[in-house]
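Subject: Structure handover

Hello,

Here is the structure I promised to pass on.

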Amino acid sequence: MQGQQQQAYDRGITIFSPDGRLYQVEYAREAVKRGSASIGIRAEDGVVLAADVNPRSPLMEGRSVEKIHKADDHIGIASAGHVADGRQLIDFARRSAQVNRLRYEEPISVEALTKEVTDHIQQYTQVGGARPFGVALIVGGIENGEPRLFETDPSGTPYEWQATAIGGDREALHGHLEDNYREDLDLDGGIALALETLAESDDGFDPDTVEVTTVDVDSMRVRALDREAVATRAAELGVEGDDE
Amino acid sequence: MSEFTDPVTGADAVGDPHAPAVGGAGWSDGAGQSDAGETGAKSDDGAVNETGTTTVGIATDEGVVVATDRRASLGGRFVSNKSVQKVEQIHPTAVLTLVGSVGGAQSFVRTLRAEADLYEVERGDPMRIHALATLAGNFARGGPWFAINPVLAGVDDEGAHVYSVDPAGGVMADDYTVTGSGMQLAYGTIEGEYDREMSLADARDLAVRAVEAASARDTGSGNGVYVATVTGDGVDIEGFDETADALAPR
């Protein structure tokens, strides 16, 4: 009897527990923690997104695991958690960005796109028969000439950050960002801080499986660094792979 | 219909770029003109009040001026109202004129005003005038507003803008533009007199004289003038029984 009552709010997405919690949303946050980390850093002249792709086998084509996506010319999105859930939200974000261009003939702002996505996520915490998205996103881009960086979580809350990490080892990576972030970082400094921060992860760090993407204020374009550039930069910083 | 549906309402979650976010009287779920036409919403063509009209928008470096006549008529042959305000504020720094079917134009004004307000509260900044004009064109093309041909004029961080919006959704930016049945007379007045660097006061005089000329010869225009002045600080609208009263003393 006791067990059944507990299951009611443990399983039902739309049911609060007696102490006001939504367990399914909290479980979704746990799903995010099981994913490898992604990092976002807002520099003076752009934003940096970095992600540890962490393929399960050396036989897997690392490039087939996409964790950083272009949502529109001027906005990139990094994900952590369920890759498939992430793809749905990326597709939603891409369509929303294009709808904005059709509707207003102007690029969508980073904040407006983030809120379109979080409003969509939130609806999956309030409807029976659905489950929440098991993914967190970092949305970074240029808005009115200024870099902006937002996070979405499975509850559908938007947060704005100077620098943040999502996914596994979040607390440790956040600690490293808090100790080393400076407001006057430029993009290159942001890339360095992102790689150094990912190297703090307990999962181990292999520069060959790290994706780095920037959006700079001047071009307002999403630009992915190629693997060689990432490996070279990591070697310069002395944050080479520790498991080889 | 995109593949994303709202889990609460079952509606399209991404949104229709051509439909209003709120309101949208007569909107037939994306089917647009063809459906509405069959159900008789195109009775805008029948014995309804029309503004006939001359509406003028002039952009200068200081801001924009819009002048309109004040006559509503039935087919341009009977004056059904002599004091219609045909320029309305729809945005903190933009106005729209009412041209064509009065019902369609009033509905269009209300819808654009709601969209501009909603955009501003959701995003923190007022819409840019080009975004507002694009939205107006989308609505004119896909929505239940058929017999309208307004001037949209406003000021934003990129300067002063004047657009014409036609019933098929055509949106054209210009330094100055005129719509309505008296347009040829008004254009004749402005042509050769316009200068982008003219003062706002001179632009106002030019706009009023253009409406005055149209009122003298076009049966769909007359009964005085409304003048809207838009700068980065906001909108000011004044009405005059006689066009002469709107001109600066010489």
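Predicted model: local features only at pLDDT ≥ 70, side-chain atom pairs only at ≥ 80, totals over all residues.

**Chain B overall**

Chain B has six helices and 12 strands. Of its 250 residues, 49% are buried. Contacts also reach along the sequence: among those between residues at least 6 apart, 67% join residues at least 24 apart.

**The sheet in chain B**

Look for an open sheet of five strands in chain B. The order is E5-E6-E7-E8-E9, and the pairing is antiparallel. Which strands stand at the edges? They are E5 (87-91) and E9 (171-174) of chain B. Each has a single partner strand, so one side of each lacks a neighbour in the sheet. From one strand to the next, the twist averages 25 degrees.

E5(B) and strand E6 (residues 94-97) of chain B run antiparallel and are joined by four bridges. Within this pair, B:Gln89 sits opposite B:Val95 of E6(B).

**Two helices on the sheet**

Helix H2 (residues 102-123) of chain B packs on the sheet and touches E5 and E6 of chain B. Its direction makes about 25 degrees with that of E5(B). Helix H3 (residues 129-142) of chain B lies across E5, E6, E7 (151-156), E8 (159-165) and E9 of chain B. H3(B) runs at about 10 degrees to E8(B).

**A helix pair in chain A**

Over in chain A, find helix H6 (residues 187-199) and helix H7 (residues 227-237). Their axes come within 10 Å and cross at roughly 80 degrees. H6(A) and H7(A) are therefore roughly perpendicular to each other. H6(A) brings A:Ile191, A:Ala192, A:Leu195 and A:Glu196 to the contact. H7(A) brings A:Arg233, A:Ala234 and A:Leu237. By class, that is five nonpolar, no polar and two charged residues.

**Two residues with positive phi**

A:Asp169 is not a glycine, yet its phi is positive, near 60 degrees. A:Asp169 lies in the loop between strand E8 (163-166) and helix H5 (170-180) of chain A. Is it buried or exposed? A:Asp169 counts as buried, because it has 20 C-beta neighbours inside 10 Å.

B:Thr53 is another non-glycine residue with a positive phi, here near 85 degrees. Its loop lies between helix H1 (33-38) and strand E1 (55-59) of chain B. With 33 C-beta neighbours inside 10 Å, B:Thr53 counts as buried.

**Where the chains meet**

The contact takes 16 residues from chain A and 16 residues from chain B. On the side of chain A, helix H3 (83-104) and helix H4 (110-123) of chain A are the elements that give two or more residues. H3(A) supplies the largest share, seven residues. By class, the side of chain A that touches chain B has eight nonpolar, four polar and four charged residues.

Best wishes

Terms used:
Residues numbered from 1 in each chain as written. Chains lettered and ligands numbered in written order. Contact = placed C-beta atoms within 7 Å. Nonpolar A, V, L, I, M, F, W, Y, C, P; charged D, E, K, R; others polar. Pairing = 2+ DSSP bridges. Axes fitted to C-alpha atoms, helices over the stretch in contact; angles between N-to-C directions. Parallel < 35°, antiparallel > 145°, perpendicular 65-115°, else oblique. Buried ≥ 20, exposed ≤ 12 C-beta atoms within 10 Å, placed from the backbone.
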